[in-house]
Amino acid sequence: MAAPGRIERFIEAMGIGPGDRVLEIGCGHGVAATLVCRLLDGGHYLAVDRSPKMIEAAAKRNADSVRAGHAGFLVGELESVDLGARRFDKVFAMRVRLFEDEPERARALVERWLAPGGQLFVEYDAPPPRERSKQS
Ligand SMILES: C[S@@+](CC[C@H](N)C(=O)[O-])C[C@H]1O[C@@H](n2cnc3c(N)ncnc32)[C@H](O)[C@@H]1O
């Protein structure tokens, strides 16, 4: 079996349970969505991405889960999307710029959607080596 890649390792570290309600911000092509949906049994996955093109691609890639009612894909921006009264046990974002540029603001935006005991998981891109040496 191939060694797990970046997305596989991240999803594994979240410890998703079968009944979890999971929200992903910035799903891109929906690769993580596929991995999350495999772990769910009774839970639900929702993706929000501001790019209609990415949402279309991600929904197509995960069409079986959408048809079965296990996954949803929504065009929207973290800053303004309306998720109504929905709450989530696990919220995650991988390589979504706002979490890197304005982490406190991004966290505050997500907190309104966390269920009691809910968790936020974030992955950033590592800065390029030149920037890293500038910071030290
Ligand atoms: C660099 S891609 C990463 C895709 C995927 N998460 C990954 O790690 O491979 C960033 C994605 O986040 C979306 N995005 C960026 N800022 C966003 C925001 N403020 N609200 C919603 N989606 C956002 C982009 O449209 C893009 O699809």
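**Sheet, cysteines and ligand contacts**

Strand 1, residues 21-25, pairs with strand 4, residues 88-94, in the parallel sense over four bridges. The coordinates come from a predicted model. Both strands belong to an open sheet of five strands, whose order is 3-2-1-4-5 and whose pairing is parallel.

**Sheet and helix packing**

- The edges of the sheet are formed by strand 3 (71-75) and strand 5 (114-123), each of which pairs on one side only.
- On average, neighbouring strands of this sheet are turned by 15 degrees against each other, with direction ignored.
- Within the pairing of strand 1 and strand 4, Val22 is placed opposite Lys90 of strand 4.
- Helix 1, spanning residues 6-14, packs on the sheet and touches strand 4 and strand 5. The direction of helix 1 makes about 155 degrees with that of strand 4.

**Cysteines**

- Cys27 has 6% relative accessibility and therefore counts as buried, the cut-off being under 20%.
- Cys37, at 13% relative accessibility, likewise counts as buried.
- The count of disulfides is zero.

**Ligand surroundings**

- Around the ligand there are 15 residues, of which Arg6, Gly26, Asp49, Glu79 and Met94 come nearest.
- Arg6 places a polar side-chain atom 3.0 Å from an oxygen atom of the ligand.
- In the side chain of Asp49, an N or O atom lies 2.6 Å from an oxygen atom of the ligand.
- Met94 contributes a polar backbone atom, which is 2.9 Å from a nitrogen atom of the ligand.

Key
Residues numbered from 1 in each chain as written. Predicted model: local features only at pLDDT ≥ 70, side-chain atom pairs only at ≥ 80, totals over all residues. Heavy atoms only, no water. Pairing = 2+ DSSP bridges. Helix = DSSP H or I, 4+ residues; strand = E, 2+ residues; numbered from the N terminus. Axes fitted to C-alpha atoms, helices over the stretch in contact; angles between N-to-C directions. Contact = heavy atoms within 4.5 Å. Disulfide = S-S within 2.5 Å. Buried < 20%, exposed > 50% of the residue type's maximum accessible area, 1.4 Å probe, protein only. Near = heavy atom within 4 Å. Polar contact = N/O pair within 3.5 Å; in protein donor to acceptor, adjacent residues only side chain to side chain.
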